[in-house]
Amino acid sequence: MSEVVIEARKLTKIYKRDEFEVHALDNCDIEIHRGEFVALMGPSGSGKSTLMHLIAAMDRATSGRIAVLGEDLSQLDDAELARWRNRHIGFIFQQFNLIPVLTAIENVELPLKLTSLSGKERMQQAETALKLVGLGDRLTHFPRQLSGGQEQRVAIARAIATDPDLLIADEPTGNLDAQSAKDVMLMLQKLNKDFGKTIIMVTHDRHAAEYATMIRHLEKGEMKPEIEYPQA
Amino acid sequence: MAKFITLVWKNATRNRRRSLLTIASIAASFCLLGVLMAIYVTLFLTTDESPAGSRRLVTRNRISLTQVMPISYEGKIRQIPGIESVMAYQWFGGVYKEPKNFFARFACEPDQLFKLYPDYRIAEDEKKAFLKDRAGTVLGRDLANKFNIKVGDKITLKGDIFPVDLEFNVSGLFDVDKNEEVMWFNIDYLWKSLPSDRRDFAGAYLTIVQSPDDGPAVAQQIDSLFRNAQVQTKTESESAFAASFVSFLGNVKLYLFAISAAITFTILLVCGNTIAMSVRERVREVGILKTLGFTNGEVMSMILGEATVISLLGGLLGCVVAWTLCKGIATSAGGFANLEGMTLAPWMCVAVIASAMIMGTVAAIIPALGASRTSIIDAMRYSG
């Protein structure tokens with residue numbers, strides 16, 4: 001069995017909205033190993049995104065424990081969490097979330113600005129990442145000059161530019177047509193198989209989930225025990 | 001922070017129309033601030049540094065500058081030790097062709113004028129002509145050039161304070177180091193043109209002392225001499241006199257400070273509002289940056305950097321316009337209250353630009369702080 005990279009125990013997240021409490025995640029347990037490609041599925045409000053946010057250190061749990069890559073995230077302050085995210089996590093969002101005033105290569109370079117690389121090294125690395133996703137000829141294009149599928153590929157290039165241990169994808173095909181969605185999923189699959197990246201993907205799309213090595217289901221904030229292995 | 005300059009610049013200029021309007025409003029305000037600063041310095045902090053200027057004293061009626069003094073005072077003042085020369089003179093006012101043609105016009109005693117102003121450079125034959133011709137006049141060369149007046153011309157001043165129109169023969173033109181838009185003519189010519197009961201007076205006496213150190217003591221002695229007279233005097237240095245002339249305009253210092261404070265406050269609001277709008281439009285992007293690993297401090301620094309860039313550009317533009325305006329005011333001041341020497345000095349440019357940057361940055365603190373403290377989850381949920 002390979003190394004455990006994510007280990008959550010009795011993870012609970014309660015959101016307070018005015019006088020109401022929303023239990024987004026309730027005593028959730030999960031264990032993910034290095035090199036796995038996990039699709040998290042479930043109906044709206046089941047806690048998928050909340051779990052993803054906690055794994056990616058974008059939010060803090062109300063109770064329970066979560067260790068990612070051996071790091072107890074509850075022990076880190078905000079600035080340490082920010083740098084930890086930069087080093088270890090790559091994000092792919094449903095809405096691409098590129099910065100509109102930056103070109104493709106500048107968008108990909110953005111997370112590299114927080115590293116100790118020189119300007120030249122950063123640009124070389126960003127260019128390599130863009131070539132890897134097939135956009136070597138779109139380096140100086142702005143997001144508005146790209147199709148949805150191309151924008152998502154820029155977002156993937158940005159996610160892998162820092163060579164992170166974990167890739168977190170939130171509905172990565174949600175805004176794409178069928179062909180672009182397939183391209184994106186093949187790319188994620190390639191990153192998982194060829195480059196050994198551990199990927200956690202939240203999705204509603206059964207077709208997208210089929211590209212993962214494992215599907216887990218959440219319901220009402222709880223992780224269901226059944227595990228699907230679509231590629232088995 | 002240097003790594004983020006590209007992003008700061010692109011964000012500062014992403015909405016070009018808004019950025020340009022903000023830069024223009026900052027420029028307009030800080031241009032005004034620069035001009036006010038230059039006026040303040042010229043009126044209250046600049047003194048005539050010429051050796052003769054530091055030796056000149058002005059004696060006027062203690063009640064008001066508009067009240068005259070008997071001509072008999074001149075002989076009494078001349079008796080005081082330490083005085084090199086004394087001259088009676090009188091502001092004439094009047095209109096040269098059109099009311100807009102404003103410049104200083106003084107009646108004086110020609111034989112004393114060049115003793116009081118040894119820095120005036122004039123051709124000897126022109127000087128002699130001025131001394132000889134009671135209707136003669138001498139003008140600063142800059143003034144003559146401005147109105148295309150030449151030696152030998154006849155010019156007329158239409159009286160307003162005094163009920164006479166005077167025609168003058170231009171005897172000569174003098175040069176002086178600073179721009180001197182002033183016209184001097186014989187006070188005797190003025191007196192002879194007035195009814196007999198309005199003659200033999202002086203609006204002020206100009207005294208030159210042997211040493212600048214003698215100035216305060218001589219001023220005190222002059223005023224002591226007339227303490228019990230019907231018309232009492234007030235004697236002060238030429239620069240102090242110029243400053244008191246400004247006081248006719250009211251509490252200029254208070255006006256200047258009030259306007260400056262209003263400008264500062266306005267800029268705080270303008271800049272704060274612009275940055276707040278800009279940040280509101282990009283809450284989601286703030287979330288993206290934080291997701292990618294940017295800390296709260298880095299996000300805040302970048303937003304403050306945008307405000308600094310915009311206010312720096314506004315300050316620079318304002319400075320250029322203020323410098324041009326100062327040149328214009330100096331050219332058209334016509335010798336009024338030393339404004340012909342008005343300029344936007346380099347230190348004032350630095351002060352204007354630095355003030356603009358500081359105000360812009362301070363105004364952005366609250367929106368920047370708000371953005372930096374927004375949690376990633378809230379920022380990513382924001383739909384703008």
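What percentage of the 384 residues in chain B is buried? Select chain B to find out: buried residues make up 41% of its 384 residues. Keep in mind, as you explore, that this is a predicted model.

**Stop 1: chain B as a whole.** Switch to a cartoon view and you can look for 15 helices and eleven strands in chain B.

**Stop 2: where chain B meets chain A.** Show both chains. Here 17 residues of chain B are in contact with 19 residues of chain A. On the chain B side, select helix H1 (5-12), helix H11 (283-292) and helix H15 (376-381), the elements that each give two or more residues. H11(B) gives the most, with five residues. Colour this side of chain B by residue type and you will find six nonpolar, six polar and five charged residues.

Stop 3: Most residues other than glycine have a negative phi. Select A:Asn27, in strand E2 (residues 20-33) of chain A; its phi is positive, near 50°. A:Asn27 counts as partly exposed because it has 15 C-beta neighbours inside 10 Å.

Next, select A:Glu171, in the loop between strand E7 (166-170) and helix H6 (178-195) of chain A. A:Glu171 is not a glycine, yet its phi is positive, about 45°. With 19 other C-beta atoms within 10 Å, A:Glu171 is partly exposed.

Notes:
Residues numbered from 1 in each chain as written. Chains lettered and ligands numbered in written order. Predicted model: local features only at pLDDT ≥ 70, side-chain atom pairs only at ≥ 80, totals over all residues. Helix = DSSP H or I, 4+ residues; strand = E, 2+ residues; numbered from the N terminus. Buried ≥ 20, exposed ≤ 12 C-beta atoms within 10 Å, placed from the backbone. Contact = placed C-beta atoms within 7 Å. Nonpolar A, V, L, I, M, F, W, Y, C, P; charged D, E, K, R; others polar.
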